[in-house]
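Keep the structure open while you read.

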Amino acid sequence: MKKHSILRVVAKILIPFVLLFALYVQFHGDFGPGGGFQAGVIFAAGIILYTLVFGLDTAREVCPKRVLECLVAGGLLLYGLVGTLGILLGDRFLDYSVLADHSGQHIGILLVELGVGVTVAAVVVSIFFVFVDRGRH
Amino acid sequence: MGLFNYWTVIVLMMVGFYTVIARNNLIKTMIGLGIFQVSVFMLYISMGKIADGTAPIRVQPSAGHEAIYSNPLPHVLILTAIVVGVATTALGLALIIRIREAYGSIEEDEILEMDRNS
Amino acid sequence: MSPECLIVAAVLLPLISAALVVACHQRPNLRETVTLVSGGLLLAIVGRLTGSVDARPAINLVDVIPGSIDQAAIAIGFHAEPLGLLFALVASGLWIATSVYSIGYMRSHGEQHQTRFFCCFAVAIGAVMGIAFARNLLTLFLFYEVLTLSTYPLVTHHGSEAAKRAGRTYLGILMGTSIVGLLLAILWTWQLAGTLEFKAGGILDGHVDPLTAGLLLALFAFGTGKAALMPLHRWLPAAMVAPTPVSALLHAVAVVKAGVFTILKVGVYIFGIDLLGRGGSSVWLMYVAAATLLSASLVALTRDNLKERLAYSTISQLAYIVLGMSLATKSSVIGGGMHIVMHACGKITLFFCAGAILVGAHKTRVSQLDGLGRKMPWTFAAFTIAALSVIGLPPMGGCWSKWLLALGTVEMGQWPLLAVLMISSLLNVAYLMPIPLRAFFREPPETDDESPGTGEAPLACVIPLCLTAAGCVVLFFCADPIYQFLSSITWK
Amino acid sequence: MNLEQLPILQVILPLLAAPCCLLLRRSRLAWGFAVLVSCSSLLIAATQLHIIHHSASGSISYEIGGWAAPWGIEYRLDRLGGLVLLVLTAIAAVTLSVARRLLQEEVPEERHHLFFATFLLCLAGLSGIVSTGDLFNVFVFLEIASLSSYVLISMGRSRRALVAAFQYLVMGTIGSTFILIGIGLAYMMTGTLNMADLAQRLTMTLDSVYAEGASIENPALPVNQTRTILAAFAFLTVGLALKLALFPLHAWLPNAYATAPTVVSTFLAGTSTKVAYYVLLRVTFTIFGLAFTFGQVGLQFLLTPLAIMAILVASTIAIYQGDIRRILAYSSVAQIGYLVLGLSFATQAGLTAGIVHLFNHALMKSGLFLVVGCIATRQAGLTLESIRGLGRRMPLTMAAFVVGGLGLIGVPLTSGFISKWLLVSAALESGRWLVAVLVVTGSLLAVVYVWRVVEAAYFLEPDDKTTSEPHDAPAGLLAAAWVLLGATLVFGIYTDLPVGVAREAAASLMGVGS
């Protein structure tokens with residue numbers, strides 16, 4: 001599809017907005033509808049669109065396999081560590097109120113959702129890559 | 001609304017279940033499984049609905065009027081279940097791809113036939 | 001050593017000896033020495049225990065099944081009481097004789113896997129000690145199963161297709177009956193009485209009605225497949241594919257006697273002869289035993305294979321002991337206990353002779369024995385003595401136990417059973433006596449003269465069989481001490 | 001950090017270790033880390049059981065995020081859970097410690113770290129199921145465990161593993177969806193997901209559960225008499241029966257266990273069905289309660305025949321299998337029958353027997369599969385023909401198999417005997433004569449299928465007469481197998497731990513109190 005210039009142009013215009021929207025959903029998650037799961041999927045959709053238009057090899061350069069793996073693990077670890085902080089600071093697992101005086105819960109949920117979002121995005125992109133890759137040989 | 005939502009759920013569930021049982025093609029089995037799962041998602045979502053309830057986003061209470069919200073918990077629960085469903089589907093499809101590579105077929109009876117003969 | 005330690009030592013010694021046998025598998029002479037030495041030691045230990053049996057020493061090793069509110073905990077435990085001690089004495093005494101005999105037999109026969117043979121043999125003796133000294137039904141059951149498993153390799157020693165088939169029958173019947181019958185009976189007893197301990201006078205008295213007692217007794221009697229009550233006797237003739245020393249010790253002494261010993265012990269210490277005698281729960285068992293007794297004798301008449309004939313004879317003789325228990329009078333129970341000794345001594349001699357005939361003359365069938373008595377005088381003399389003892393004629397030991405059993409039938413007024421005993425004795429004569437008669441008084445067939453190796457079997461085979469035959473005579477004069485020794489078991 | 005945090009550590013330790021394994025990449029590193037984690041899990045589980053067993057209440061509770069119980073998610077562990085966790089983590093630790101050696105033949109080295117990550121995820125899922133006191137959490141952890149076990153099974157060497165994993169995936173997903181429906185319906189009627197709260201609300205009347213002013217047809221009706229709750233119970237039971245591989249829903253199990261990498265069979269055989277059984281106990285006793293499950297619904301009339309069929313039919317099928325792993329797998333189906341039978345008596349003795357058997361059978365079956373793994377390191381074939389004469393070639397390995405086999409049969413001094421003893425005496429106690437007879441008949445069938453292996457290994461000569469010198473499995477593997485099977489011997493003699501804990505666990509499930 002690299003030869004279809006309309007597609008390429010439209011995709012180039014769209015992708016930043018898709019990613020931006022993903023970030024909006026991500027960070028607006030604790031005020032309105034949204035959160036890590038949704039944002040992750042939307043973000044992944046942006047990358048998948050990029051892959052569809054510019055091909056797997058180009059996309060691999062953007063998101064190398066190694067980086068994706070690290071992101072999957074990293075997101076999970078972020079979630080886990082925020083939760084464990086509660087334990088380390090002498091309270092319960094996932095008790096965010098220890099993180100800060102007033103906005104503890106706020107910061108906590110933001111970080112946890114960020115972890116979820118990163119993991120989901122990385123997992124969805126990996127699954128897509130694996131499927132596309134399989135078909136080629 | 002009556003019991004209309006339950007009827008929908010039951011019909012979807014049976015369609016999915018029948019597909020899982022009756023189809024030989026592994027992809028179709030996965031599709032059936034998907035429909036089957038979605039029916040349960042619908043069950044959860046519809047049970048959270050409260051008559052005249054609005055989306056569970058806190059609005060500034062206007063004087064003398066307390067807003068009625070739908071129950072958000074089933075939504076949250078089912079979000080988890082959807083993720084699980086996605087993971088299951090992805091894993092199932094990945095397995096189908098590898099089965100196809102190993103057997104050259106995705107028809108269940110052909111695969112079982114090959115297993116019996118080898 | 002205290003009596004308690006002696007009991008544990010008696011059970012452990014054969015097991016240790018089994019381990020040593022395996023360790024010495026490179027050096028046959030050392031291996032056989034181990035067997036003989038431990039045989040001597042075991043006899044000494046059991047002999048010393050007879051002195052302290054009146055105190056009924058008992059020991060619990062470890063609680064295996066924790067107790068609850070209604071039921072006592074069950075331990076692996078041992079105790080010494082006259083019946084078990086007598087059984088242990090017989091088994092350990094005959095182990096030595098058999099060891100000597102098997103060394104001669106196995107070597108002159110050039111058998112394979114001798115280490116496995118001696119090892120399993122020792123384990124089997126250990127299991128017999130465990131059964132003899134078991135303090136409760138669980139311990140007894142444990143060693144009962146060990147005995148079954150450890151004798152399987154002995155039965156299938158030759159590894160031929162026939163041996164394996166026989167082995168499956170053996171294991172199938174013994175394991176099957178013990179799990180479905182015996183285990184269930186034990187569990188039921190536990191439910192009813194709340195304990196499994198062997199106690200003088202029984203533990204079930206007051207917990208059961210006659211019908212339940214009869215059913216439970218049936219489970220015990222048929223669950224103990226080793227007692228070879230018909231119709232569960234098939235394994236015994238099948239197991240005759242084993243080498244003769246195995247048949248001799250295990251299927252004339254250890255295994256089958258473990259079966260009838262179990263039934264006797266259950267009758268005396270679980271039910272109590274009062275309960276059995278009073279409720280009439282055991283009447284049906286008398287008739288089963290009588291039927292087994294007669295039909296096995298009849299079958300024995302038709303068998304030409306010597307070992308098979310002896311096997312059916314064993315089935316018939318075992319039924320005597322079961323009969324003694326089911327009559328549930330003092331003299332019949334003691335008669336049953338005494339018959340364990342008498343029959344063991346007689347039957348092992350007969351099997352030794354059968355083996356000696358195989359080793360010396362390569363004959364297995366009764367019809368081939370014509371005139372052999374002149375070439376193997378010692379063997380056939382011993383055979384005659386043992387046969388007379390099994391039949392129950394004085395001056396052989398067997399006559400006392402049969403006398404006591406007959407007394408029991410009279411006490412109970414079971415005249416038909418007395419008739420059965422008499423007829424059976426006649427049948428014994430009919431199937432046993434032709435063998436020495438043929439050997440001594442018929443002319444040997446012409447062709448056999450040139451065949452080599454027709455003389456007495458090696459000394460290691462002949463000496464044990466002469467000794468056990470002499471034992472049959474000696475026992476005739478020892479009957480009274482045995483009677484006194486056993487008479488305390490029927491007291492409360 | 002103090003001991004209060006243990007319930008959550010039990011779950012998040014393996015959960016967080018999984019991504020770490022992913023990052024470590026190197027096979028040896030990931031393996032070492034996974035072993036470390038599983039051993040710590042074992043330590044945590046043992047400590048927890050110790051605390052629970054000596055506490056007055058007999059349970060510990062942990063509120064996640066500091067939110068109080070019916071609203072927040074509560075982790076709750078009682079004696080039953082503690083015992084299940086102990087056996088689960090013990091098997092995980094033993095299996096993982098030999099996993100690298102076993103994987104050498106079966107999974108390429110560059111995928112080892114993925115394997116360990118998935119394995120830890122599975123462990124986390126299973127621990128989570130046992131630890132949590134929240135019904136929906138059970139579903140989530142069940143799915144984590146199931147998804148990771150599908151992946152683990154699909155790593156098997158032969159292509160059949162793929163088909164087996166797919167079949168398991170389809171059946172497992174149907175099962176878990178059923179469970180999800182059940183949970184949803186129960187939530188619909190009670191408005192809570194906390195197990196203890198749920199149990200309480202199920203016995204209340206409709207009007208006391210619903211908000212004021214709601215129009216209810218029959219306000220005085222107890223919640224658990226409504227048709228919705230009946231449906232919820234049915235869905236939960238059927239879903240769990242699928243996960244449990246209760247006859248006749250066992251079709252996925254033999255294929256999965258027989259084709260998975262042996263290290264996976266070792267782990268799953270001892271844990272996954274046992275944890276499903278744990279959930280079944282929770283649902284039937286803790287949540288719905290004795291009166292509902294056995295009085296109102298009469299589940300025993302369904303479970304007892306099914307359990308007996310499982311014992312007899314699966315054992316019979318096992319007799320006709322030619323592959324050791326399939327024999328063991330069908331034997332597992334039969335043993336699940338014993339577990340469910342204990343449950344279906346609905347007496348304290350029956351439950352005790354079920355729980356003890358859960359413990360014993362987990363050790364036995366894992367040990368036996370580990371022995372199969374040992375055999376697989378020395379020869380390719382695992383059929384009865386190919387193991388002929390193995391008793392001489394691998395004496396210590398086959399001796400371990402014999403010990404495990406005796407346990408399956410239930411020979412005295414093995415732990416299998418204790419559980420069968422308890423089960424049969426429970427049957428006799430409640431007057432179920434026929435059941436008792438059928439159970440011992442099942443043992444008889446076990447004799448036959450175990451004997452076929454023993455006979456092949458010890459009493460049949462191999463076809464090619466090249467009887468080489470004894471060549472046992474690598475020492476580490478052998479030691480691990482003996483640890484598990486030795487444990488069955490130890491717990492066959494010193495029965496205080498499993499039986500003592502199980503009795504009290506059964507008492508609290510029955511609501512008797514110890």
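Predicted model: local features only at pLDDT ≥ 70, side-chain atom pairs only at ≥ 80, totals over all residues.

1. Angles over 145 degrees count as roughly antiparallel. The crossing of the two helices is left-handed.

2. Now look at the residues of that contact. On H3(B), find Ala81(B), Thr88(B), Leu91(B), Gly92(B), Leu95(B), Arg98(B), Ile99(B) and Ala102(B). On H6(D), the partners are Leu162(D), Val163(D), Ala165(D), Phe166(D), Leu169(D), Thr173(D) and Leu180(D). By class, this contact of H3(B) with H6(D) has 11 nonpolar residues, three polar and one charged.

3. Step back to the whole interface of chains D and B. Chain D brings 22 residues to the contact, and chain B brings 25. On the side of chain D that touches chain B, helix H5 (135–154) and H6 each supply at least two residues. Which helix gives the most to that side? H6(D) does, with 14 residues. The side of chain D that touches chain B has 15 nonpolar, four polar and three charged residues.

4. Turn to chain A. It has five helices and zero strands. Read along the sequence, the pattern is α-α-α-α-α. The C-alpha trace spans about 60 × 30 × 20 Å along its principal axes. Chain A has 137 residues, and 37% of them are buried. Take the contacts in chain A between residues at least 6 apart in sequence: 65% of these join residues at least 24 apart.

5. Chain C comes next, starting with its domains. The domain assignment gives domain 1 (1–280) and domain 2 (282–492). How far apart do the C-alpha centres of the two domains lie? In chain C, that distance is 22 Å. The contact takes 48 residues from domain 1 of chain C and 51 residues from domain 2 of chain C.

6. Stay with the side of domain 1 of chain C that touches domain 2 of chain C. Five elements of chain C give two or more residues to this side: helix H3 (82–109), helix H7 (210–223), helix H8 (235–238), H9 and helix H10 (273–279). H9(C) gives the most, with 16 residues. By class, this side of domain 1 of chain C divides into 34 nonpolar, 12 polar and two charged residues.

7. H9(C) also packs with H12(C). H9(C) covers residues 244–271 and H12(C) covers residues 306–327. Their axes are 10 Å apart, at an angle of about 15°. Angles under 35 degrees count as roughly parallel. H9(C) is therefore roughly parallel to H12(C). The crossing is right-handed. The residues from H9(C) are Ser247(C), His251(C), Ala252(C), Val256(C), Val260(C), Ile263(C), Leu264(C) and Gly267(C). H12(C) answers with Lys307(C), Ala311(C), Thr314(C), Leu318(C), Ile321(C), Val322(C) and Met325(C). The contact of H9(C) with H12(C) has 10 nonpolar residues, four polar and one charged.

8. Another helix pair in chain C is H6(C), residues 161–193, with H7(C). The axes come within 8 Å and cross at roughly 145°. H6(C) passes H7(C) in a left-handed crossing. Thr177(C), Ser178(C), Gly181(C), Leu182(C), Leu184(C), Ala185(C), Trp188(C) and Thr189(C) lie on the H6(C) side. They meet Leu216(C), Leu219(C), Phe220(C), Phe222(C) and Gly223(C) in H7(C). How many charged residues does the contact of H6(C) with H7(C) have? It has no charged residues, with eight nonpolar and five polar.

9. Finish with one residue, Ala381(C). Its place is in helix H14 of chain C, residues 377–391. Is Ala381(C) buried, exposed or partly exposed? Ala381(C) has 17 C-beta neighbours inside 10 Å, so it counts as partly exposed. Ser160(C) is 221 residues away from Ala381(C) in sequence. In space, the two are 33 Å apart, C-alpha to C-alpha.

Technical notes
Residues numbered from 1 in each chain as written. Chains lettered and ligands numbered in written order. Left-handed = near helix turned anticlockwise from the far one by under 90°. Helix = DSSP H or I, 4+ residues; strand = E, 2+ residues; numbered from the N terminus. Contact = placed C-beta atoms within 7 Å. Nonpolar A, V, L, I, M, F, W, Y, C, P; charged D, E, K, R; others polar. Buried ≥ 20, exposed ≤ 12 C-beta atoms within 10 Å, placed from the backbone. Axes fitted to C-alpha atoms, helices over the stretch in contact; angles between N-to-C directions. Parallel < 35°, antiparallel > 145°, perpendicular 65-115°, else oblique. Domains from an automatic or database assignment.
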